Amino acid sequence: MTRYLTKSRFILALECETKLFYTGKTEYADHKKDDPFLSALAEGGFQVGELAKLYFPGGYEIETLAHEQALQQTQDLLERESVILYEAAIRHRNLFLRADILIKDGSSLDLIEVKSKSFKGSGPEDMLNRIGTIQSDWIPYLYDVAFQKHVLALFFPQMQIRSYLLLADKNARATVDGLNQRFLICKQDGRSRVRVREGTTPETLGEPILIRVPVDELAAAIYEGRDGPSRDLPFAEWVEYLAECYEQDRKIPTELGSKKCSKCEFRCTVEEERTGLKSGFKECWREQAGLKEKDFTEPLVIDLWKSNSRDSFLKRGIYFLRDIDTELLQPKSGGAGRVDEKPGLSKSERQRLQVEKARSGDPSPYFDADGLKAETERWVYPLHFIDFETTQVAIPFNRGMAPYEGIAFQFSHHRIEADGRIAHAGQYLHGQRGEFPSFAFLRALKEELEADQGTIFRYAAHENTYLNIIYAQLRQADAGEVPDRDELCEWITTVTQPTERNQGCWVPGRRNMVDQLELVHRYFYHPATGGSNSLKRVLPAVLGSSEYLQSKYACPIYGRGQEIPSLNFESWSWIRRDEGGTPIDPYRLLPPIFEEAEEDDLEHLVSDPKLADGAGAMIAYARMQFSEMAESERRAIQQALLKYCELDTLAMVMLWEYWSRELMSG
Ligand code: SF4
């Protein structure tokens with residue numbers, strides 16, 4: 001079988017040309033292996049694709065996946081003077097593509113690439129940055145179109161080809177209710193499809209919520225090498241080279257890079273290696289940096305926290321954290337005179353600490369007891385720990401809403417009393433289909449937190465961001481439809497600080513939430529986190545080094561009616577050990593949300609890395625909203641979601657317990 005360079009393989013090569021060699025091979029681990037059903041749920045791509053077809057009605061869909069058949073059907077239909085095709089198949093030598101929408105009118109062809117990405121501008125100029133080059137966010141989308149236009153031009157040299165991106169228009173508002181429930185995702189004959197609700201016509205869709213952006217000029221800049229990542233070959237030759245290497249299964253060696261390698265999907269977990277899977281990541285680092293097997297237990301330069309210098313270290317042949325000259329990290333002292341004027345570690349001090357711990361092989365955590373103690377003096381009991389699960393739905397629920405409007409559908413809440421009693425105090429999960437959840441979510445949250453003046457903790461900016469989003473949504477809502485609108489807005493202002501969208505609307509609230517992640521950044525570093533401060537990395541590290549937590553949570557004290565009451569667990573022990581005696585990561589003790597994919601792989605299904613942590617909950621929510629399922633399956637997903645979110649706030653509590661013990665013992 002011919003190995004074609006398709007548009008998705010081309011985009012993979014744009015990330016890293018070496019990846020072309022590993023992709024599709026069963027002997028290599030691949031965490032981005034696409035599950036079309038879950039991807040469709042994660043990004044809303046299928047639904048947007050179906051909506052797009054309704055905006056260009058009267059076309060023919062090339063349904064078959066068989067290449068030759070699809071090519072033949074496309075060719076037959078293109079014999080017509082005018083025609084609209086969905087999923088047209090085009091091949092030129094070893095290049096192959098399926099075009100989302102292709103419109104032929106005489107000797108002109110319009111190529112329309114549908115993307116479930118939101119766009120706030122009005123034309124291609126809004127995809128450029130201040131110096132007039134393409135914004136990095138838009139690079140893969142524009143290269144995708146440029147590739148397709150290039151293949152079309154090779155195949156139809158006589159035709160005039162215009163290219164467009166069709167995107168979710170953030171400036172548009174739905175003018176009808178219930179738009180998103182018109183598109184249900186289902187599996188049919190092993191394929192993911194969208195079932196459009198009966199009676200859906202272009203008229204029932206209201207005003208368009210997708211925008212068509214002409215991108216020929218940007219594609220021209222890419223062809224001429226005036227824009228995009230620099231490369232040695234002109235565009236056409238580069239495509240030819242990639243296609244040839246892929247066809248002949250030749251590996252293209254590339255320079256290691258901090259951004260691409262740290263997110264590389266061909267990196268094996270320990271479990272995967274045990275099953276005999278190969279690691280593309282290790283192969284590259286062996287070949288490019290001369291690393292030996294034992295070296296992979298050492299922290300690498302790409303693990304250095306928030307550093308812009310990682311690539312320059314790699315270029316100079318510095319591959320390990322321990323080899324970094326800490327003088328180059330330019331430490332700034334804490335306290336007065338610091339740029340952010342906040343106490344605790346600065347960014348460079350933290351980086352230095354990370355390098356020094358790696359160099360000395362010291363596995364013990366850093367803890368600034370005095371710094372944290374000063375913070376605790378401002379805290380008021382009972383303490384509240386909250387975590388939200390949120391999403392952005394491509395097609396709006398209701399009239400007046402924009403595509404990809406942020407919505408909040410779930411929270412968990414743990415509470416600690418002044419005498420140390422801990423309880424899973426509350427939770428909320430909006431499971432109703434077709435309903436905008438955020439206002440009901442907010443009412444439930446307010447009811448839980450307004451009974452006292454205790455300090456509220458969040459982990460990262462997410463909860464503050466979403467309360468700001470809901471504030472703006474409430475301000476736009478009709479007071480008649482949301483009678484408690486002003487009361488809800490007022491409450492938000494007491495527990496948040498305004499973000500850019502609400503700048504100047506209020507001053508940080510008297511009960512403004514405390515960011516536990518910021519406390520980690522400033523007062524705590526654990527070498528076992530590998531430079532990541534995600535709670536999913538911090539929790540196992542903390543449990544691994546606290547005998548107190550290990551012995552406390554080895555007992556089944558957690559659950560309904562137990563010492564630590566829970567709303568979702570029964571007599572549960574959080575400490576279970578692997579064969580080597582190490583506590584198993586508590587997240588791994590939970591049943592998976594989906595049978596189709598491992599939890600770690602779900603994050604690769606969302607393109608925005610900031611959403612990676614909540615990817616499982618986002619996809620589960622979309623599944624409950626937009627796919628057909630039995631009631632038993634719905635219940636199982638809801639239970640899994642409740643447990644995951646509960647563990648997120650329990651993890652915050654455990655971190656707090658760990659710090660409290662350290663303060664007491666110090
Ligand atoms: S490890 Fe780095 S160089 Fe190798 S395939 Fe992954 S991203 Fe490319």
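**Figure 1. Helix 20 and its packing partners.** The buried residues of helix 20 pack against strand 12 (422-429), helix 19 and helix 23. Please keep in mind that this is a predicted model, in which local features need pLDDT of at least 70 and side-chain atom pairs count only at pLDDT 80 or more, while totals for chains, interfaces and linings use all residues. Residues are numbered from 1 along each chain as its sequence is written, and side-chain values use heavy atoms, with hydrogens and water left out. Helices (H or I, at least four residues) and strands (E, at least two) are DSSP runs, numbered from the N terminus. On helix 20, Leu549, Gln550, Lys552 and Tyr553 are buried, a word used here for under 20% relative accessible area, with exposed over 50% and partly exposed in between (1.4 Å probe, protein chains only).

**Figure 2. Helix 19 and what covers it.** Helix 19 spans residues 535-544, and its buried residues are Leu535, Val538, Leu539, Ala541, Val542 and Leu543. The cover over these side chains includes strand 15 (524-525), helix 20 (547-554) and helix 23.

**Figure 3. The nonpolar cores.** A nonpolar core is a set of buried Ala, Val, Leu, Ile, Met, Phe, Trp, Tyr and Cys residues joined through side-chain atoms within 4.5 Å. The largest one here has 121 residues, and Tyr553 and Trp574 have the most contacts inside it. Helix 23 (residues 631-665) gives the most to this core, contributing 15 residues. Apart from it lies another core, of 56 residues, including Leu97, Tyr143, Ala219 and Tyr246. As background, nonpolar side chains in soluble globular proteins tend to be buried together.

**Figure 4. A close look at Trp574.** Which residues are in contact with Trp574? Contact means heavy atoms within 4.5 Å. Setting aside neighbours within four places in sequence, Trp574 is in contact with Tyr553, Tyr558 and Phe569, with Pro586, Leu589 and Leu590, and with Leu647, Leu650 and Met654.

Figure 5. The ligand sits in the largest cavity. A cavity is a set of points, on a 1 Å grid over the protein atoms alone, where a 1.4 Å probe fits but cannot get out; a molecule sits in one if more than half of its atoms lie within 2 Å of its grid points. Around the ligand are Cys16, Thr18, Lys19, Tyr22, Thr254, Lys260, Cys261, Cys264, Phe281 and Cys284, where a residue is near if one of its heavy atoms lies within 4 Å. Helix 2 (19-22), helix 9 (258-262) and helix 11 (280-289) each supply at least two residues of this shell. By type, the shell divides into six nonpolar, two polar and two charged residues; Ala, Val, Leu, Ile, Met, Phe, Trp, Tyr, Cys and Pro count as nonpolar, Asp, Glu, Lys and Arg as charged, and the others, Gly among them, as polar.

**Figure 6. Glu283 on helix 11.** Glu283 lies in helix 11. Is Glu283 buried or exposed? Glu283 counts as buried because its relative accessible area is 14%. Beyond neighbours within four places in sequence, Glu283 is in contact with Phe21, Tyr22, Tyr28, Lys251 and Lys278.

Figure 7. Lys357 belongs to helix 13 (residues 347-360) and counts as buried because its relative accessibility is 11%. Leaving out neighbours within four places in sequence, Lys357 is in contact with Asp362, Ser364, Pro365, Tyr366, Tyr525 and Pro527. Gln473 is found in helix 16 (residues 462-476) and is buried too, with a relative accessible area of 7%. Not counting residues up to four places away in sequence, Gln473 touches Glu405, Gly406, Phe436, Ser438 and Phe439. The C-alpha atoms of Gln473 and Ser438, 35 residues apart along the chain, are separated by 9.0 Å.

**Figure 8. Ala620 and Leu41.** Ala620 has its place in helix 22 (residues 615-626) and is buried, with a relative accessible area of 0%. How many residues apart in sequence are Ala620 and Leu41? The two are 579 residues apart in sequence, with 8.3 Å between them in space, C-alpha to C-alpha.

**Figure 9. Backbone details to check.** The peptide bond from Tyr381 to Pro382 is cis, with omega near -5 degrees, and Pro382 is in the loop between helix 14 (369-376) and strand 10 (383-393). Glu87 has phi near 65 degrees, a positive value in a residue other than glycine. Glu87 lies in strand 2 (residues 82-92) and is partly exposed, with a relative accessible area of 26%. For Lys306, also a residue other than glycine, phi is positive, near 45 degrees; Lys306 is in the loop between helix 11 and helix 12 (310-315).

Key. 1 Å grid on protein atoms, 1.4 Å probe; cavity = no way out; pocket = protein on both sides within 12 Å on 5 of 7 lines; lining within 4 Å.
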